[in-house]
Amino acid sequence: MAKKVSTKKAEEQVEAPVILRPDVDLAIEKRLVALYTLQSVDSEIDKIQIIRGELPQAVQDLEDEIAGLNTRIENFTNDIKETEAASKARNTEVADHEEQIKKYKKQQDNVRNNREYESLAKEIEFQNLEIQLCERKNKEGAAKVKELKEHIAAAKTLVENRTKDLEAKREELTSIIAETEKDEKRLREKSKEQEQYIDDRYLTAYKRIRGAARNGLAVVQIDRDACGGCFSNIPPQRQMEIKMHKKVIVCENCGRILVDDDIAAKAKANLEK
């Protein structure tokens, strides 16, 4: 019996270190460092995307504006063609009316009574009114053509200026893509590298919080006794627990993962490797 007791004590002595798990704090700390490093890397990628995101949109806006201006110029040009064609047709009508007047005046020389003469006089008057109407419409058409040409000139000037802006934006975008492409590739590799140090459930939570946050921040530092994400106050006891690195703690208000300055410093050192 004494021998069995001795064996049991020996077994307890062997198993004790496993039960105590003295490496728990270190594992949590590494996880927190990895999470904050991942956040820092993803934030840098976000900055690159924001810079690129604004320029392509600016390029697209300029392309759309130039296309709209060219369509406007085309419409103005078609309006001018239609107006000039209408004026040309009215000029033909004026010539026809003038021929009719000549004919009626010639007929007046051979009338047999006053009634026929007055009837022809009314026809001549009508033809003159038609000529005046055509001339008035042609005058309005000429004014319209002049105005349309002014609009076309202004639109062409605007197209020229916007085209210069577009070329500059395209060059800037090409330059930024060339400058940031290498950095983005390196950052994405670093992001993947950090993900492998984070348990799936924490990584899933990180991505969920990050996706829901407007600024993409899922892991934040304590700043002036407050959450670095939503700025709600964090009680001293809660801050103490965060500094102990014994578990992953989230903000009770916004749900972001909270870290202290020590974790942030280690993450920064991790990024510089």
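Residues are numbered from 1 along each chain as its sequence is written, and side-chain values use heavy atoms, with hydrogens and water left out. Because the model is predicted, local features need pLDDT of at least 70 and side-chain atom pairs count only at pLDDT 80 or more, while totals for chains, interfaces and linings use all residues.

Helices and strands are DSSP runs numbered from the N terminus, a helix being H or I over at least four residues and a strand being E over at least two. Four strands form an open sheet in the order β2-β1-β4-β3, with mixed pairing; two strands pair if DSSP finds at least two bridges between them. The edges are held by β2 (226–227) and β3 (249–250), each with a single partner strand, so one side of each has no neighbour in the sheet. The pairing of β3 with β4 (residues 257–259) is antiparallel and spans 2 bridges. Within it, V250 has I257 of β4 as its bridge partner.

I257 also belongs to the largest nonpolar core. A nonpolar core is a set of buried Ala, Val, Leu, Ile, Met, Phe, Trp, Tyr and Cys residues joined through side-chain atoms within 4.5 Å, where buried means under 20% relative accessible area, exposed over 50%, and partly exposed in between (1.4 Å probe, protein chains only). The largest core has 20 residues, and those touching the most other members are L32, Y36, I198, Y206, V219 and I257. Two or more residues each come from α2 (24–108), α4 (200–212), β4 and α6 (261–271), with α2 giving the most, 7 residues. Leaving aside residues up to four places away in sequence, L32 is in contact (heavy atoms within 4.5 Å) with H245, K247, V248, I257, V259 and I263. Another core, of 16 residues, lies apart from this one and includes V59, L62, V145 and L173. In soluble globular proteins, nonpolar side chains tend to be buried together.

The structure holds 0 disulfides, a disulfide being a pair of cysteine sulfur atoms within 2.5 Å. The closest cysteine sulfur to that of C227 is in C254, at 3.7 Å, which is too far for a bond. C227 is buried, with a relative accessible area of 0%, and C134 is buried at 3%.

A pocket is an open set of points on a 1 Å grid over the protein atoms alone, where a 1.4 Å probe fits, with protein on both sides within 12 Å along at least five of seven lines; lining residues have an atom within 4 Å of a point. Grid points are joined across faces, edges and corners, and a volume is the space filled by probe spheres set on the points. The largest pocket has a volume of about 180 Å³. Its lining consists of 12 residues, and K30, V33, Q194, Y197 and N270 lie nearest the centre. At least two lining residues each come from α2, α3 (114–195) and α6, and α2 supplies the largest share, 5 residues.

Most residues other than glycine have a negative phi. R224, in the loop between β1 (219–223) and β2, has a positive phi near 55 degrees and is exposed at 79% relative accessibility. H245, in the loop between α5 (236–244) and β3, has a positive phi of about 60 degrees but is buried, with a relative accessible area of 5%.
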